[in-house]
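Biologist: I should like to learn how to read the features of a protein model. Please take me through one.

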Amino acid sequence: MASMKLGSKPDAFKRQGQAWFCTTGLPSDVTVEAGDMSFHLHKFPLLSKSALLERLIEESSDQEECIIKLNDIPGGAKSFELVARFCYGVKIELSPANVVYLRCASEHLQMTEEVAEDNLIAQSEMFLNQVVLRNWKDSLTALETCDELLPHAEDLQIVKRCIESLASKATTDPNLFGWPIREHGIMQSPGGSVLWNGISTGARPRNFSADWWYDDASSLSFPMYKRLISTMESRGIRPDIVAGSLMYYAKKYLPGLNRRHSMGAVPLTATLSEAEQKNLLEEIDGLLPVQKGLASTKVLLGLLRTAMILKARPTCISNLEKRIGMQLDQATLEDLLLPNFSYTMETLYNVECVHRILDHFLAMDQAMDQADGAASPCLDDVMASPSLTPLTNVAKLIDGYLAEIAPDINLKLPKFQSLASAVPEYARPLDDGLYRAIDIYLKAHSWLSETEREQLCRLMDCQKLSLEACTHAAQNERLPLRVVVQVLFFEQLQLRTSIAGCLQFSDNLEGSRPLRSGIATSGEAGGWATAVRENQVLKVGMDNMRMRLAELEKECSNMRQEIEKLGRGKSGWASRVPKRFSLKMKSQMCSAQEGSVSEQQKSMSAKLDKLQAKVSRQKKQLSTDS
């Protein structure tokens, strides 16, 4: 830290309790009261340096005891002690930590050049301009002391000058500084080598990154920090650097950001009250640039969680939700699980907030599509277009979120349906994730009626289930019977398509056998052997598919027989249903009315007729292909 020495006389000041005495051998003839301290001094050294003290001493000359009160002096007793030493010519040291005190006090006491040459105003002003404001650390230290000297430091433009100095250095590449700077304890020469005791070591310091000033700036009070950021923005600093500094400041003073997630090595300073933290968070939200991707989604979700805990203004919460919605595709499931801090505690997680965030994302995505003039894409577009990757990522994220909140017994069906249906159909290449969430919800809400179960299952498209999901759903006792039949039908279609593809590939392989005269090379022989083995594997797979098709045909036939028996008598229904569907049908038929059973029998008979006709046609086609 830079310094400048003033005066040459030895120290003659002694403190006794709340009083200071100057031991020059002469009795004191004036008492100055500054703050909670009293100074027993002599008139001549004071009036020879200060016009204000000269006038006050003259006004009290007719009194027996000369007592001067300086209750309004900037910096109080701390400042006047240094001023008194200066007036007596005692050695003092100007430093970035006290120069603002002395500058403000000397201005208040009118210690100008007209009163005395090389007076305190000129000395402190010269040190401030030529030493302090040329150095980053010294400027920062001086600005920190200004908080205790307002509005005097503001009136003297000290705050403005310090902020301008810091902003100019922060917006300039520190590796290009043309003056010695002190950063993290390393002094550099203008040539760039490391200095030790003023001697060049020849070592080259490490390069500075754009965030080198974050920690230093975070030591400022927020009003000073806010002015510094505004000045930097006026100088054209990049928005991502501003956002990074704001996030660093937030992590340091908002303990809620560090309770659940580790967000970097930021020293926590938890000295603010909840009201102060709330105001700070709202201020940071107002300063944060609006561009997408400047702050990580994890940090934004942490800010949103903290805003809910501190009960920030609705506008602040809404702004954070919009910022998160702009980059929802970068969020993780863990961060999206926002607890519900409502007093009603209807649900464990704040589903409404996530729904609003999703709406913001979809609105932005739709606006981009309209700007590009694009229509709603089909499934092939979703699978092939990189521009739709964020949308598919969000669909996968929401499906995972639905699976996490599904076990909550307080989660109402309309709320679950609303969030699940908010994702466009084309955003899900497969509905496996949605099926898993629906299955978990049905398991946790076993009291749902058959109508509600069917209504819930309409959210998913059975045609977009993978073969594994179809196999699971076909044996799922929690699904309505109508859904199970649909799954079986589309599973059969998938098998039919797979078999047709295998047969076509086999025919192509047989037709591609090389017909050459001469002896094949060893490489060609090895390739042909590999092709033969692959053909054998495909034939085995085709046989397995034929067996599976036969099993499906047998199941359909058994189901038809059972439904026909139902028409002859309802009493033996539950005991005659095949093992695969017995538990499900038993629970359904026990709760159904007689009229609804009759209607279900007619509907199922018609659907199974169509299903068996499909199976028969497929069997004939399979025989023809073979």
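**Reading the sheet and the helices**

Modeller: Five strands form an open sheet in the order 2-3-5-4-6, with mixed pairing. Strands (E, at least two residues) and helices (H or I, at least four) are DSSP runs, numbered from the N terminus, and two strands pair if DSSP finds at least two bridges between them. Strand 2 and strand 6 (67-69) stand at the edges with a single partner strand each, so one side of each lacks a neighbour in the sheet. This is a predicted model, in which local features need pLDDT of at least 70 and side-chain atom pairs count only at pLDDT 80 or more, while totals for chains, interfaces and linings use all residues. Residues are numbered from 1 along each chain as its sequence is written, and side-chain values use heavy atoms, with hydrogens and water left out.

Biologist: How many bridges join strand 2 to strand 3, and in which direction do they run?

Modeller: In a regular strand the side chains alternate between the two faces of the sheet. Here, strand 2 (residues 13-16) and strand 3 (residues 19-22) run antiparallel and are joined by 4 bridges. Arg15 has Trp20 of strand 3 as its bridge partner. The hairpin of these strands has 2 residues between them, and Gly17 takes a positive phi near 65°. By contrast, strand 3 runs parallel to strand 5 (residues 37-41), with 3 bridges; Ala19 is partnered by Ser38 there.

Biologist: How do helix 3 and helix 4 cross?

Modeller: Two packed helices are described by the angle between their axes and the distance between the axes. The axes of helix 3 (residues 76-88) and helix 4 (residues 99-108) come within 9 Å and cross at roughly 80°. That makes helix 3 roughly perpendicular to helix 4, a term for angles of 65 to 115 degrees. Axes are lines fitted to C-alpha atoms, for helices over the stretch in contact, and angles run from 0 to 180 degrees between N-to-C directions. Lys78, Ser79, Leu82 and Val83 of helix 3 meet Tyr101, Leu102 and Ala105 of helix 4, where contact means heavy atoms within 4.5 Å.

Biologist: Which residues of helix 20 are buried?

Modeller: An α-helix has 3.6 residues a turn, so residues three or four places apart point the same way. In helix 20 (residues 432-444), the buried residues (under 20% relative accessible area, 1.4 Å probe, protein chains only) are Leu434, Tyr435, Ala437, Ile438, Asp439, Tyr441 and Leu442. They pack against helix 18 (389-405), helix 19 (413-422), helix 21 (450-457) and helix 22 (467-474).

Definitions and conventions. Expected span 1.5 Å × (residues − 1). Buried < 20%, exposed > 50% of the residue type's maximum accessible area, 1.4 Å probe, protein only. Parallel < 35°, antiparallel > 145°, perpendicular 65-115°, else oblique.
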